[in-house]
Amino acid sequence: VDGEGGGTFAVSYSPLTDPGGDAVGSMVVLYDVTEERQRGQQLAVLNRVLRHNLRNETTVISGFADVLQVNVDDPEQATQAGKIIAASDRLNAIATKVRGFEDVQGRAYQPESVALESLVGDVAGRYAETHEAATIDWSVEPPDLRVRTDPVICSVLLEHLVENSIVHADGSAPVVQLTVTAAGGDVHIAIRDENERIPADEIQTLRSGEETPLRHGQGIGLWLVYWAVRKLHGDIDFAYDDGNVVTVTL
């Protein structure tokens, strides 16, 4: 509800009864959420402005750098132009992932029965098409395994688990293994790669929920995974066995 002075309040109502169970009144509690709502609105505006400007400016930068790369005669300058294009593409990817964060955070949790073989197969197939050099092995056991969860957020989770393993691969031919199994009423989603160990500081940053000058996350991909897991009321664990093993339990 909106207050007369411009404030915003959340309302909680509870009936009051006597020891015999008869109604004797009610209690209404108002929680002032004005500042929280304003902060949310400010962040939403800043995110939209940031994404819009990043997209427009990186398009200009990449376009001119591409022209330079094609037309310069000096191989060193052509290499420098290529680095400008790559940096521009990375910035544009960040803007896209920020939009993904907004989609996850702004979506109300909507659970339904999800066929995991179909969901996992769809995600793996799309990344196999866009990253032809990558090998993506996946399996779901049993094949008819279903879980009650939000299919949209779960798809975002799978996408970024796969993408992180591919983009951070050490070589030009990434190998990713995605397995889904059931045990004790839980569903375990495990993704394995052959990459270098995820730095302990990166994992600690996720656990603490904030970034600091001394502990700054290198990318937003793991954050999206972590936020999606939280939204799905799941757990996430990190291990290393000749490659990273990230396990999500739903």
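Predicted model: local features only at pLDDT ≥ 70, side-chain atom pairs only at ≥ 80, totals over all residues.
Visitor: Which share of the residues counts as buried?

Guide: Buried means under 20% relative accessible area, exposed over 50%, and partly exposed in between (1.4 Å probe, protein chains only). Of the 250 residues here, 34% are buried.

Visitor: And how many helices and strands does the chain have?

Guide: Helices (H or I, at least four residues) and strands (E, at least two) are DSSP runs, numbered from the N terminus. This chain has 6 helices and 9 strands. Its radius of gyration is 23 Å, well over the 18 Å from the globule rule for 250 residues, so the chain is more spread out than a compact globule. That radius is taken over C-alpha atoms, and the rule is 2.2 Å times the number of residues to the power 0.38. The C-alpha atoms fill a box of roughly 90 × 50 × 35 Å along the principal axes.

Visitor: What span is expected of helix α2, and what does it reach?

Guide: The expected span of a helix is 1.5 Å times one less than its number of residues. Helix α2 (residues 75-106) has 32 residues and reaches 47 Å from first to last C-alpha, close to the expected 46 Å. Its buried residues include Ala78, Ile85 and Val104, and the buried residues of α2 pack against α1 (34-71), α4 and α6 (221-231).

Visitor: Let's turn to α3. Is Arg126 buried, exposed or partly exposed?

Guide: Arg126, in helix α3 (residues 116-130), is partly exposed, with a relative accessible area of 31%. Contact means heavy atoms within 4.5 Å; not counting residues up to four places away in sequence, Arg126 touches Ser155 and Glu159.

Visitor: Which elements cover the buried residues of α3?

Guide: Those buried residues include Leu119, Val123 and Tyr127. Among the elements covering them are β3 (112-115), β4 (135-141) and α4 (151-167).

Conventions. Residues numbered from 1 in each chain as written. Heavy atoms only, no water.
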